[in-house]
Amino acid sequence: MNKEIAKSWVEALRSGEYTQGKNMLRYRDNYCCLGVLCDLAKVNWESGADGTYRVEGSSIMIPSMILERVGLKWIRARDLAAMNDSGKTFSEIADEIERTMDE
């Protein structure tokens, strides 16, 4: 993964600027850890009437174009999303990103 992007992502997760949500990249003002990454990548969020936001038509899966841009492998993204959805805090996820940044 691109180290500069990873550092920015870790900072954003720890900043307190994002409210953590589950099961969706973004729902209203709640973000999955991958939704935070999408936001940092300055994606064009498509808002739905139900409060759900989508990127490239998806509300639950990070688009491959974002993964490629930041150098994040799909399997790693899946593992981080699972941590997020199982109740790990953004701080714990940031620790994991830092620990595995060189992989």
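Colleague: Why does Glu96 count as buried?

Modeller: Bear in mind that this is a predicted model. Glu96 has 15% relative accessibility. Buried means under 20%, so Glu96 counts as buried.

Colleague: Which residue meets Glu96 in a salt bridge?

Modeller: Arg76 does, at 2.8 Å from N to O. The cut-off is 4 Å. Arg76 lies in helix 4 and Glu96 in helix 5, so the pair ties together parts that are 20 residues apart in sequence.

Colleague: What makes Arg76 part of a network?

Modeller: Shared partners do: salt bridges join Arg76, Arg78, Asp79, Glu96 and Arg99. Asp79 and Arg76 meet at 4.0 Å, N to O. They are three residues apart in helix 4 (residues 74-85), which means a separation of about one helical turn.

Colleague: Is Arg76 buried or exposed?

Modeller: Arg76 is buried, because its relative accessible area is 17% and the limit is 20%. Asp79 has 32%. That falls between 20% and 50%, so Asp79 is partly exposed.

Colleague: Why is the contact of Asp95 with Arg14 called a salt bridge?

Modeller: The closest N and O atoms are 2.4 Å apart. The definition asks for a distance within 4 Å, so the pair qualifies. Asp95 sits in helix 5 (residues 90-100) and Arg14 in helix 1 (residues 3-14), 81 residues apart. Asp95, at 40%, counts as partly exposed. Arg14 is partly exposed too, at 38%. The whole structure holds seven salt bridges.

Colleague: Now the rings. How many aromatic pairs does the search find?

Modeller: Three.

Colleague: Why is the pair of Tyr31 and Trp45 edge-to-face?

Modeller: The centres are 6.2 Å apart and the planes stand at 75°. Pairing needs centres within 6.5 Å, and edge-to-face needs over 60 degrees. Tyr31 lies in strand 3 (residues 30-31), and Trp45 in the loop between helix 2 (33-40) and strand 4 (46-47).

Colleague: What makes Trp45 and Tyr53 edge-to-face?

Modeller: Their centres are 6.2 Å apart and their planes are at 85°, so the label holds here as well. Both residues are buried. Tyr18, Tyr31, Trp45 and Tyr53 form one aromatic cluster.

Colleague: How do you know that Arg26 lies over the face of Tyr53?

Modeller: Arg26 is 3.7 Å from the ring centre. The distance limit is 6 Å, and the charge must also be within 35 degrees of the ring normal. Arg26 lies over the face of Trp45 as well, at 5.4 Å from the ring centre.

Technical notes: Residues numbered from 1 in each chain as written. Predicted model: local features only at pLDDT ≥ 70, side-chain atom pairs only at ≥ 80, totals over all residues. Heavy atoms only, no water. Phe/Tyr/Trp six-rings, centres within 6.5 Å; stacked < 30°, edge-to-face > 60°. Helix = DSSP H or I, 4+ residues; strand = E, 2+ residues; numbered from the N terminus. Buried < 20%, exposed > 50% of the residue type's maximum accessible area, 1.4 Å probe, protein only. Salt bridge = Lys/Arg side-chain N within 4 Å of Asp/Glu carboxyl O.
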